[in-house]
Amino acid sequence: MARFVLIRCTPLPPTECWERLTAWSRHGDRVPFTRVSVVRGTGRAAGDVVLARTALGPLRFDDPMELTGLVAPGPGRDGRCLLVKRGRPVRGWAELRVRAVGGGSAAVWTEELAVAGVPRLLDPVLARTGRLVFGRVLDGLLGA
C-alpha cells in the first residue's frame, strides 16, 4: 500500500479546523471530477459512511469510506477521525488529526491506499499523487 502524510499548520482554532476537515462535501471541491457526500448517518459518528464518487464520461467509480472512529477536539484533547475505505477499486484508510499548536492548529492527514490493478511497484507514484491531490484538498479546506 502507498502511504503518505500531510501536515498543515493554520491560525484557525482546533474546533474550526476540525469543522472544516470534517465538512465532507467540501472535500470534492478540489478533486477533479469528484463529488463527496455523506450517504449514511450525519458524517459525525462512528458507523457513518462518506462516499467519494468520481466520474469522467463513462468511467466511474465509488470510494465508500466508513467512519470507524471520530473524536472531536476539546480542552486538552486532540481531534481524530479514522476512515476505512470499503470499496473495490480503492482500499485502505485515512486518519485526520487536529491538535492545538500555539495560537492555532496543526492538521495531520495520514493515508494508506491501494488501487485495484495498480502494482505495488508503483506505490511511490501513487503516494506522490496522493500527496498532491489531498494536499490540494487540505489547503482548500483550511483556506491556505
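Me: What makes a group of residues a patch?

Reply: Patches consist of residues with over 30% relative accessible area and no salt bridge, and nonpolar side chains are joined within 5 Å. The model here is predicted.

Me: Which residues form a nonpolar patch on the surface?

Reply: Val118, Leu121, Leu122 and Val125 do, and together they have about 360 Å² of accessible area.

Me: Why is Leu121 called exposed?

Reply: Leu121 has a relative accessible area of 74%. Exposed means over 50%, so Leu121 is exposed. Leu121 lies in the loop between β7 and α3.

Me: Why does Ala107 count as buried?

Reply: The relative accessibility of Ala107 is 0%. The cut-off for buried is under 20%, therefore Ala107 counts as buried. Ala107 sits in strand β7. Leaving aside neighbours within four places in sequence, Ala107 is in contact with residues including Leu6, Cys17, Leu21 and Leu138.

Me: What makes a set of residues a nonpolar core, and how many residues has the largest one?

Reply: Such a core is made of buried residues of listed types, among them Leu and Trp, joined through side-chain atoms within 4.5 Å. The largest has 28 residues, and Leu21, Trp24, Leu83 and Trp109 have the most contacts inside it. Helix α3 (123-142) is one of the elements that each supply at least two residues. α3 gives the most, with six residues.

Me: Which residues does Trp109 touch?

Reply: Not counting residues up to four places away in sequence, Trp109 touches Phe4, Leu6, His27 and Phe134, among others.

Technical notes: Residues are numbered from 1 along each chain as its sequence is written. This is a predicted model: local features need pLDDT of at least 70, side-chain atom pairs count only at pLDDT 80 or more; totals for chains, interfaces and linings use all residues. Side-chain values use heavy atoms; hydrogens and water are left out. Buried means under 20% relative accessible area, exposed over 50%, partly exposed in between (1.4 Å probe, protein chains only). Helices (H or I, at least four residues) and strands (E, at least two) are DSSP runs, numbered from the N terminus. Contact means heavy atoms within 4.5 Å. Patches are made of residues with over 30% relative accessible area and no salt bridge: like charges are joined within 9 Å, nonpolar side chains (Val, Leu, Ile, Met, Phe, Trp, Tyr) within 5 Å. Accessible areas come from the Shrake-Rupley method with a 1.4 Å probe; for residues, only the protein chains shown count as cover. A salt bridge is a side-chain nitrogen of Lys or Arg within 4 Å of a carboxyl oxygen of Asp or Glu.
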